[in-house]
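New notebook page, new structure. I'll jot down what I look up as I go.

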Amino acid sequence: APIYRFGEAERILGRALEGRDAVVLGKVGLRWESPGEHGDVLFRSGDRVVRKDGRPAGVRADVERSLTDLRREALDLCQVHHPDVHTPIADTLGELLRLRDEGKIREIGVCNFDEAQLDEARAAMGDVPLVSHQFEYSLLAPQGRAVAQASHQRGLASLVYSPLRRGVLAGRASSVRRLASMDPRQRHPAFARENATRIDAAVRAGLRPVARKHSVRPAQVALAWLLADKAVGSVIVC
């Protein structure tokens, strides 16, 4: 997505993928450059304020920026990064449908939608299927199970992010002292000292014994727990 390192991640990926076959998934709908105060603030990074912005012009700009930086002719899947409650879902998805008609994206999905928003999105798509829903789900975010079920019931592929809770379920919560100054995990609750201590204890008591029994790592146990849920299509390991 353009938001990752404010474009730098896609430029690096574009150079790495040039001339190679790959399925490329992108996301749209976060703004840090546009004037004004449209959209709810998602986070701040230095002097940048990142807002949820699903307005059609921004969605188109995101797709076209991604295609340029990734050096691709089309995104195989394009998802709305977060719902923008100040823009009708039909407006956001309507622009993605136009981009699909132009051959710039092939499939359309959403991220972090609740059930009502999923139903609204599916209705806005008309005869074109909404294919995916991306959301957080892990041993430390078990509420994702209900989201996975709701998505599965609607025929959507579930893409799970943060299955390792940014590394803490791999036994790395205690590494908070070694995080670089620009590492966004410094702001994540799981890496707060008191939480990291509790998570480390839970990993030692729960994950490590299972991992030893099967001669695998704690991270593999955490991923296997998710993949055993038949409503989960795939996990984005982070």
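How many nonpolar, polar and charged residues are there in the lining of the largest cavity? I get four nonpolar, four polar and one charged. One caution before I go on: this is a predicted model.

**Entry 1: the largest cavity.** I looked up who lines the largest cavity and found Gly-54, Val-80, His-82, Pro-83, Asp-84, Thr-87, Ile-89, Thr-92 and Phe-113. The space inside the largest cavity comes to about 60 Å³.

**Entry 2: a pocket.** Next I checked the second largest pocket, which has a volume of about 160 Å³. Eleven residues line this pocket. I noted the ones nearest its centre: Leu-140, Leu-169, Arg-198, Ile-199 and Ala-202. Nine of the lining residues of the second largest pocket are nonpolar, one is polar and one is charged.

**Entry 3: a sheet.** I traced an open sheet of three strands, ordered E2-E4-E3, with antiparallel pairing. Which strands stand at the edges? I find E2 (30-31) and E3 (41-45) there, and each has a single partner strand, so one side of each is left without a neighbour in the sheet. Arg-31 has Arg-51 in E4 as its bridge partner.

**Entry 4: the whole protein.** Stepping back, I count seven helices and nine strands. I get a radius of gyration of 19 Å, close to the 18 Å that the globule rule gives for 238 residues, so the protein is as compact as a globular protein of that length. Along the principal axes, the C-alpha atoms fill a box of roughly 50 × 40 × 40 Å.

How much of the protein is made up of buried residues? My note says 47% of the 238 residues. Last, I looked at contacts with a separation of 6 or more: residues 24 or more positions apart account for 67% of them.

Notes
Residues numbered from 1 in each chain as written. Predicted model: local features only at pLDDT ≥ 70, side-chain atom pairs only at ≥ 80, totals over all residues. Heavy atoms only, no water. Pairing = 2+ DSSP bridges. Helix = DSSP H or I, 4+ residues; strand = E, 2+ residues; numbered from the N terminus. 1 Å grid on protein atoms, 1.4 Å probe; cavity = no way out; pocket = protein on both sides within 12 Å on 5 of 7 lines; lining within 4 Å. Points joined across faces, edges and corners; volume = space filled by probe spheres on them. Nonpolar A, V, L, I, M, F, W, Y, C, P; charged D, E, K, R; others polar. Rg over C-alpha atoms; globule rule 2.2 N^0.38 Å. Buried < 20%, exposed > 50% of the residue type's maximum accessible area, 1.4 Å probe, protein only. Contact = heavy atoms within 4.5 Å.
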